[in-house]
Amino acid sequence: MARYVYRGYKVGGIRCRGTVNAQDVKQARKLLADEGIYAETIRAGRESGAVPAQVRSAFYRELGTLLGAGLTLESALILLRESESGRSDCVESILRRIREGVELSSAVSELFGGAGSFEIAAIISAEKSGTLSSMLVRTADFIDVQEGVRDKIRSALVYPCFVMCLGVAVAAVMLGFVVPNTTRMLASAGLELPASSVFAVSAAKVTVGCLVFIALAAAIAHTAIKRVAEKKPSIRMMYSRFAMHFYGAPGRSLAEMRFASILSVLLQSGMQIVDALPVAGRGTGIAAVEKASCEQADKIRNGAQLSACISQIPLIGRNLSGWVRVGETGGCLSSMLDVAAGRASRVWEKSLSIRMSVLEPALIAAVGIFVLIVALAVLLPVIGMTKSVAM
């Protein structure tokens, strides 16, 4: 059965809308009519949508565990549908597609918006190699690692963002209320702000205006470039290279970790290296790495050595090629890729913590200096006026 979205009228002319599950539009109209609803419009509901990574991870892990216990795919999905009310709609959609003869990988690709290419590739290769139960659990582990990385990035940026917002709020209060009120107070006393104070306040206003303008311009430029890059591969390539150089060592380490982890997952699922390499490159999110991975996969297909080809991938090849060479020699490529991913993760965390430890006091110092300059520009004339009155 499919889900249909309708708009219509109840008895008495009351407008209503909602969803109904039916085999087709005709049956949907009949079911609604039986409920006393006249359907004005009926359309197929959109089942696919952005499914959070935590939901996908839990689904893969629980489904893999049930399949490992000996249940069939349909039986496992039925059990998940009955036990998980929060994900019953997703599981119901997957189950319906499975009963229609669609493979799990196709159903996930169709219904799970946000599923990464490596997830789909891992499920496809696991279905072909008969290792679906173990690979689903492995894919869930990798998703959890990726989400852990994102959570660390968000946590690291919370305090700097708070300091910046605090600085903007203080600037707005000082320049929007304190300075005008002080100027009016001095004017009523027949005094004016000295030239140094006028200059300091003007400089502060110009600084705040420039920072706001730069932030807005950067956000607009980033959005525009991303849209253009989706249509023009050359722009996307240039943008990805600039972004990686801008992010520096933490960005390269993060790309290495993603590349090595995805490649390890796909190789363990039974996928051939020539097919897994482009997927791993795409999983880094860097156009330059993705393009180079596809080119090196063609060279491997023609007989080139894997470690030599990995070394030619920009940004990540220099560090990963040594680990790949050891894995090739020892016949433990997947294990060495996991080791390389773990090392890259530690380097990323260390580099990020160092930059955050420098950024936080720098922002605090910048906000403090700004507030001090504005405060002195406002207070010095008041202090001078108080001394003149006292004399």
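The model is predicted: local features need pLDDT of at least 70, side-chain atom pairs count only at pLDDT 80 or more, and totals for chains, interfaces and linings use all residues. Residues are numbered from 1 along each chain as its sequence is written, and side-chain values use heavy atoms, with hydrogens and water left out.

Q: What makes up the protein, in helices and strands?
A: The protein has 14 helices and five strands. Helices (H or I, at least four residues) and strands (E, at least two) are DSSP runs, numbered from the N terminus.

Q: Why is Tyr-6 called buried?
A: Buried means under 20% relative accessible area, exposed over 50%, and partly exposed in between (1.4 Å probe, protein chains only). Tyr-6 has 8% relative accessibility, so Tyr-6 counts as buried. Tyr-6 lies in strand 1 (residues 2-10).

Q: Why is Ser-109 called partly exposed?
A: Its relative accessible area is 47%, so Ser-109 is partly exposed. Ser-109 sits in helix 5 (residues 104-111). Ala-121 is twelve residues away along the chain, with 9.9 Å between the C-alpha atoms of Ser-109 and Ala-121.

Q: Is Ser-321 buried or exposed, and what does Ser-321 touch?
A: Relative accessibility is 7%, so Ser-321 counts as buried. Ser-321 belongs to helix 13 (residues 317-330). Leaving out residues up to four places away in sequence, Ser-321 touches Ser-307, Ile-310 and Ser-311. Contact means heavy atoms within 4.5 Å.

Q: How much of the protein counts as buried?
A: Of its 391 residues, 38% count as buried.

Q: Why are helix 2 and helix 3 called oblique to each other?
A: Helix 2 (residues 53-68) and helix 3 (residues 73-83) pack at about 130°, with axes 9 Å apart. Axes are lines fitted to C-alpha atoms, for helices over the stretch in contact, and angles run from 0 to 180 degrees between N-to-C directions. Angles under 35 degrees count as roughly parallel, over 145 as roughly antiparallel, 65 to 115 as roughly perpendicular and the rest as oblique. Helix 2 and helix 3 are therefore oblique.

Q: Which residues make the contact of helix 2 with helix 3?
A: Helix 2 brings Phe-59, Glu-62, Leu-63, Leu-66 and Leu-67, and helix 3 brings Leu-73, Ala-76, Leu-77, Leu-79 and Leu-80. By class, the contact has nine nonpolar, no polar and one charged residues. Ala, Val, Leu, Ile, Met, Phe, Trp, Tyr, Cys and Pro count as nonpolar, Asp, Glu, Lys and Arg as charged, and the others, Gly among them, as polar.

Q: How do you know that the buried residues of helix 3 line one face?
A: Ala-76, Leu-77 and Leu-80 are buried in helix 3. Down the helix 3 axis, its buried residues fall within an arc of 95°, so they line one face of the helix. The arc is that of the directions from the helix axis to the C-beta atoms.

Q: What makes helix 10 roughly antiparallel to helix 11?
A: Helix 10 (residues 273-283) and helix 11 (residues 287-301) pack at about 170°, with axes 7 Å apart. That angle makes helix 10 roughly antiparallel to helix 11. Their contact has eight nonpolar, three polar and four charged residues.
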